[in-house]
Amino acid sequence: MYQHNHAIKQVVQEIMADEMNQVYSEEEIEPLFMAPSTAKILLVGQAPGRLAQESRQTFNDPSGDRLRSWLGVSREVFYESGKFGIVPMDFYFPGKGKSGDKPPRKGFAEKWHPKLLELMPDIELIILIGAYSQKYYLGKQGKRTLTETVRHYQEYLPKYLPLVHPSPLNIRWMKRNPWFEEDVIPELQHRVKEILE
């Protein structure tokens, strides 16, 4: 899954050597992200789920299938074209919480995202999936709630496009917010198509 270039390998080694990730490294679990130097679109999600970590592929689950349909791309294009980077807010499955997975660990993205972004100089669009990535990348420009941030997506273009998480748990949210599938998804598909062409 990793591009076999020296820079990526070095970052992977640094991440695995970091005390913060000792528990995972002892179990020989590698950090999960995709940072091809040719990437044009960057996806920033929360953290890999258990299935993704076990299969060594981010978004390799029902959420990923929905995300790809939102983007209007096949699995092949998503994983193998070299056009997509996937850099979650934490590169390891954080464990189960009371409702869903635990949040990504604090301080993780601050430490590793800048290094990986340097390796992807051609990024044209950063898709922010969920509240954690929106808070980190949009800061004070973000709205009070995730719904409001996503509703005002046009304010963040052309660099950022905020999305709700494609989890099956969000089906009710989508029913309550029909504008998301009517306005946001077509805009997302249009931008992705334009960039990939």
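Predicted model: local features only at pLDDT ≥ 70, side-chain atom pairs only at ≥ 80, totals over all residues.
1. The residues that line the second largest pocket are Met 89, Pro 103, Pro 104, Arg 105, Lys 106, Gly 107, Phe 108, Ala 109, Glu 110, Tyr 132, Lys 135 and Tyr 136. The space in the second largest pocket comes to about 250 Å³, and its lining divides into seven nonpolar residues, one polar residue and four charged residues. Two elements, helix 6 (108-118) and helix 7, each supply at least two residues of this lining.

2. Helix 7 also deserves attention for its place against the sheet. This helix, made of residues 131-138, lies across strand 1 (41-44), strand 3 and strand 4, and its direction makes an angle of about 135 degrees with strand 3.

3. The sheet itself is open and has four strands, which follow the order 2-1-3-4 and pair in parallel. Its edges are formed by strand 2 (84-86) and strand 4 (160-163), each of which pairs on one side only. On average, and with direction ignored, neighbouring strands of the sheet are turned by 20 degrees against each other.

4. The largest pocket has a volume of about 880 Å³, and of the 29 residues that line it, Gln 46, Asp 101, His 165, Ser 167 and Leu 169 are the closest to its centre. Two or more lining residues come from each of helix 3 (50-55), helix 4 (62-71) and helix 7, with helix 3 giving the most, namely three residues. By residue type, the lining of the largest pocket consists of 13 nonpolar, eleven polar and five charged residues.

5. Eleven salt bridges are present in the structure. In one of them, the side chains of Lys 115 and Glu 14 meet at 2.9 Å, taken from N to O. Because Lys 115 belongs to helix 6 and Glu 14 to helix 1 (residues 6-17), this pair ties together parts that lie 101 residues apart in sequence.

6. Two details of the backbone call for a closer look. Most residues other than glycine have a negative phi, and most peptide bonds are trans. Against that background, Leu 157 and Pro 158 are joined by a cis peptide bond, with omega at about 5 degrees, and Pro 158 is placed in the loop between helix 8 (146-151) and strand 4. Arg 56, although it is not a glycine, has a positive phi of about 65 degrees, and this residue lies in the loop between helix 3 and helix 4.

Technical notes
Residues numbered from 1 in each chain as written. Heavy atoms only, no water. Pairing = 2+ DSSP bridges. Axes fitted to C-alpha atoms, helices over the stretch in contact; angles between N-to-C directions. Contact = heavy atoms within 4.5 Å. 1 Å grid on protein atoms, 1.4 Å probe; cavity = no way out; pocket = protein on both sides within 12 Å on 5 of 7 lines; lining within 4 Å. Points joined across faces, edges and corners; volume = space filled by probe spheres on them. Nonpolar A, V, L, I, M, F, W, Y, C, P; charged D, E, K, R; others polar. Salt bridge = Lys/Arg side-chain N within 4 Å of Asp/Glu carboxyl O.
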